[in-house]
Amino acid sequence: MAEGIKGEFFTKKEVFKGEEIEAIYRVARKPVSNPEGVDLSQSDDPMARMGQGFCAEFNQRTYECAPGVICEQDVEVVMRDGCKIYTDIFRPKDCKEKIPAIVSWSWFGKRPGEGMSEWQIMGVPPHTVSNLAKFESPDPLYWCYQGYAVANVDVRGAGHSEGDVHMFTHQDREDGYDFVEWLATQEWCNGKIGMSGNSGVAMHQWGIAAEQPPHLACIAPWECTTDLYRDSLFEGGIPALSFNEFIAAQVTGMGGVDDQVAMARKYPLYNGYWEDKVADFSKVKIPVYQTAGFSHFHLPGSMRAFRKCKSPRKWLRAHRDFEWPDTYDPQNLEDLKRFYDRYLKDIHNGWEMTPKVRIDIMDAYDEDYELKHAEDRFPIARTEYRKYYLNAADTSMQAEPVANESKVAYDPETGKVEFDMAFDEETILIGYMKLRLYVECDGYDDMDMFINIQKADKDGNWIPWLTLNEPHPGAWGKMRVSARELDEKLSTSFNPVQKFRNVQKLKPGEIVPVDIAIVPSSRIWHKGEKIRVQVSGRYIREGWFEPLSWDTDNHGTHIIHTGGQYESYLQVPYIGPKYRPGDFVSE
């Protein structure tokens, strides 16, 4: 099975997108039951506080886990290659009619560690979510009382399931297909299966849906990275391995875990291994309810999947909040129930009248200018892309090209440069931004650049928005200049996409253009307020709870050139009113 076992790691040759690649697996930490009486909520290990790393002993049984709800525990499901995985199935007790099932598919652990007093989910009050819910997953003690079954799955390699954990690969997608089709045949099931969950639990849904299992009726991926390489490990080309290292180290199972961080170090350029983790969105044609949070790193992946999937019945809701409070908000739960009732129970409840796109327009701090602004598509059809040209002479921006060449420099380790422009009218920007910069590095052959698009008052004071009561640095973009080559097939006029197949180091004195993708956002600037482009060699954010960091390679002095032949600009998605005076013509 394993080739080249080395302590906590082993390798196997596998084929990804037609390429034979040596894949690296880390040995998963072994399942252990939580000692009786230990309160995991007090653990120093944050994943233990969420019930991960500990799992109950293997115990196949059926019992009443809550009044009127039964749990079939450790049910065996055999995959097409003979691998056995295990699931806990929660469903209403003594239900006379056949019901649909909602699947939570992930390697987070299919039930919390025993003895945990309560979930520790930031932004969600204690006792909101029952201790029968998987992390970032549908709560059985909500959905079972609504007439649904919930299947919490330990995927291949997780918990007591056999094999090795395959994170978002073709193997994972095939297993998901097999599980959906098995679940649909259970005697209590009406044959309709949905999928639910946010973050990691959402990420699997697109790949499984792309396999088109016949009984998968709909999915609800509530915030999801959908290209691990571009969205997470190498956003903009800058390595960001610590968060994924943290995740991989927490996976509990009997075998190995697809070690994406070790693979990132071994294969830092895009290849078949990374491509294999991206779902074929064009094959997703079932109903989809996608959400996206403007404050979190799942944002670009969520928007990409929504845009590219071919379902004629797809809905998007984009918001300012963090994913956990958004997931368990009672209004959002009721909204999701309407979606599931329509496509899993065939209840004609008017769901189709829900606007295809609902977007919160952020203003300042915890205030939103408009909630659930309705549109027919995203990007919005009437988007007017405007360019604001940077002027290094006074670090300003303007609507017309800058005639004279100038430059501004900053220390990438400690410095930053900010370009401001005041709006002379109320301005709403919704969608993708793009930053074109002409850059040079004095004293080194590469640059790592971190961009934030912000709002400031008339005096230049930063006006953030809040998520989990923390000031958010703004709509962001990143760029390693040596990874600047664009993929012409994937790029659009409003969203540049890097190719990541080559390295193009800078030569001494060389000035190059870079097109930096800025994640989608939705915000209003009132008359007199300023839009700001912040450029630095580091991510400027303090005190955030997630262990995010970037392996930057910055030396020398960064220089931005503007004006004349160096037309550095910010392209923004201006959204005007749907109708203007004169648009109405009488017959």
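**A buried glutamate and a cavity**

Glu-529 is buried in this predicted model, with a relative accessible area of 14%.

Colleague: Happy to be looking at this with you! Why does Glu-529 count as buried?

Modeller: Good place to start. A residue is called buried when its relative accessible area is under 20%. Glu-529 falls below that cut-off, so it counts as buried, its relative accessible area being 14%.

Colleague: Which side chain makes a polar contact with that of Glu-529?

Modeller: Glu-529 sits in the loop between strand 25 (512-525) and strand 26 (530-536). Leaving out residues up to four places away in sequence, it touches several others, including Met-421, Phe-423 and Ile-463. The polar contact is 3.2 Å, and the side chain on the other end belongs to Lys-455.

Colleague: Now for the cavities: what is the volume of the largest cavity?

Modeller: The structure holds 9 cavities of 30 Å³ or more. For the largest cavity, the volume is about 240 Å³.

Colleague: Which helix gives the most to the lining of the largest cavity?

Modeller: The lining has 21 residues, and among those nearest the centre are Glu-235 and Trp-550. At least two lining residues come from each of helix 5 (228-233), helix 6 (242-250) and strand 24 (475-480). The top contributor, with 3 residues, is helix 6.

Methods
Residues are numbered from 1 along each chain as its sequence is written. This is a predicted model: local features need pLDDT of at least 70, side-chain atom pairs count only at pLDDT 80 or more; totals for chains, interfaces and linings use all residues. Side-chain values use heavy atoms; hydrogens and water are left out. On a 1 Å grid over the protein atoms alone, a cavity is a set of points where a 1.4 Å probe fits but cannot get out, and a pocket is an open set with protein on both sides within 12 Å along at least five of seven lines; lining residues have an atom within 4 Å of a point. Grid points are joined across faces, edges and corners, and a volume is the space filled by probe spheres set on the points. Helices (H or I, at least four residues) and strands (E, at least two) are DSSP runs, numbered from the N terminus. Buried means under 20% relative accessible area, exposed over 50%, partly exposed in between (1.4 Å probe, protein chains only). A polar contact is a pair of N or O atoms within 3.5 Å; within protein, one must be able to donate a hydrogen and the other to accept it, and residues adjacent in sequence count only if both atoms are side-chain atoms. Contact means heavy atoms within 4.5 Å.
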